[in-house]
Amino acid sequence: GRSNDEIRALVKQFDIITNQPETWDDMDNMRKHYKKYHIPEHWDAFERVMGPGWDFEAPLIPHGAIGTMQTDVFLPYMTRWNEVVAEMSKIITPSTDRYQRRAFGFLAERFFSLYFYRLLSDRPNTKVLFLPIITGEQVR
């Protein structure tokens, strides 16, 4: 319900705009959640590719990888994601399961969460606007 001018003003004020982190079900641990619902070997490879220093047991931000970032935040984020995808492409083969074929999408959500948490740790002055998740039922 905001005008384009109001949205532009918000974007200028924040480094990242994303949805409010909230956990439901068992999303309070990325590693456990991924291994429960997806191909566990993909997660193991993802951790190896990402390397040490990431909090793989942090909560998953629902619908992660959705948001707006200032360019100085977005470019390093995408550079790192492209490196991860390049390495994971050597490891992950297309699944015959239609749902699990979306492995890179599932991993992109986790990558967003990991990167977000690391950014807040490395740059505590990062300006973040958290917005509620609006479902189709709420829009009607």
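Visitor: Are W43 and F46 buried or exposed?
Guide: W43 is buried, and F46 is buried as well. Please keep in mind that this is a predicted model.

Visitor: Where do W43 and F46 lie?
Guide: Both residues belong to helix α3, where they are three residues apart, about one turn of the helix.

Visitor: How many aromatic pairs are there in the whole structure?
Guide: A search of the whole structure gives twelve aromatic pairs. One of them is formed by W43 and F46: the ring centres are 5.1 Å apart and the planes stand at 50°, so this pair is tilted.

Visitor: And what about Y77 and Y115, what kind of pair is that?
Guide: The pair of Y77 and Y115 is edge-to-face, with 5.2 Å from centre to centre and 75° between the planes.

Visitor: Why does that pair tie together parts that are apart in sequence?
Guide: Y77 is part of helix α4 and Y115 is part of helix α5, so the pair links parts that are 38 residues apart in sequence. Y77 is buried, and Y115 is buried too.

Visitor: Which residues do ring pairs link into a cluster?
Guide: The cluster consists of F74, Y77, W81, F111, F112, Y115, F116, Y117 and F130, linked by ring pairs.

Visitor: Back to helix α3. How do the axes of α2 and α3 cross?
Guide: The axis of helix α2, residues 30-37, and that of helix α3, residues 40-50, come within 7 Å and cross at roughly 145°.

Visitor: Which residues meet there?
Guide: From α2, the residues are M30, R31, Y34 and K35; from α3, they are P40, H42, W43, D44 and E47. By class, the residues of this contact comprise four nonpolar, one polar and four charged.

Visitor: H42 is in that list. Why does H42 count as buried?
Guide: H42 has a relative accessibility of 10%, and buried means under 20%, so H42 falls in that class. H42 is located in helix α3.

Visitor: What is H42 in contact with, leaving aside its neighbours within four places in sequence?
Guide: With those neighbours left aside, H42 is in contact with Y34, M88, I92 and A103.

Visitor: New topic: where is R102?
Guide: R102 is placed in the loop between α4 (71-88) and α5 (103-122). The relative accessible area of R102 is 48%, and this residue is partly exposed.

Visitor: How far apart are R102 and H38?
Guide: In sequence, R102 and H38 are 64 residues apart, while in space they are 9.7 Å apart, C-alpha to C-alpha.

Visitor: What about I133, where is that found?
Guide: I133 is in the loop between β3 (128-131) and α6 (136-139). With a relative accessibility of 21%, I133 counts as partly exposed. The C-alpha atoms of I133 and P21 are separated by 9.3 Å, and these residues are 112 residues apart along the chain.

Visitor: Last topic, the largest pocket. How much space lies in it?
Guide: The largest pocket holds about 260 Å³ of space.

Visitor: Which residues line the largest pocket?
Guide: The lining is made of G1, R2, I7, L10, V11, I17, T68, L131, P132 and I134. By class, this lining has seven nonpolar, two polar and one charged residues.

Visitor: Which helix gives the most to that lining?
Guide: Helix α1, residues 4-13, gives the most to the lining of the largest pocket, with three residues.

Definitions and conventions
Residues numbered from 1 in each chain as written. Predicted model: local features only at pLDDT ≥ 70, side-chain atom pairs only at ≥ 80, totals over all residues. Heavy atoms only, no water. 1 Å grid on protein atoms, 1.4 Å probe; cavity = no way out; pocket = protein on both sides within 12 Å on 5 of 7 lines; lining within 4 Å. Points joined across faces, edges and corners; volume = space filled by probe spheres on them. Helix = DSSP H or I, 4+ residues; strand = E, 2+ residues; numbered from the N terminus. Nonpolar A, V, L, I, M, F, W, Y, C, P; charged D, E, K, R; others polar. Axes fitted to C-alpha atoms, helices over the stretch in contact; angles between N-to-C directions. Contact = heavy atoms within 4.5 Å. Buried < 20%, exposed > 50% of the residue type's maximum accessible area, 1.4 Å probe, protein only. Phe/Tyr/Trp six-rings, centres within 6.5 Å; stacked < 30°, edge-to-face > 60°.
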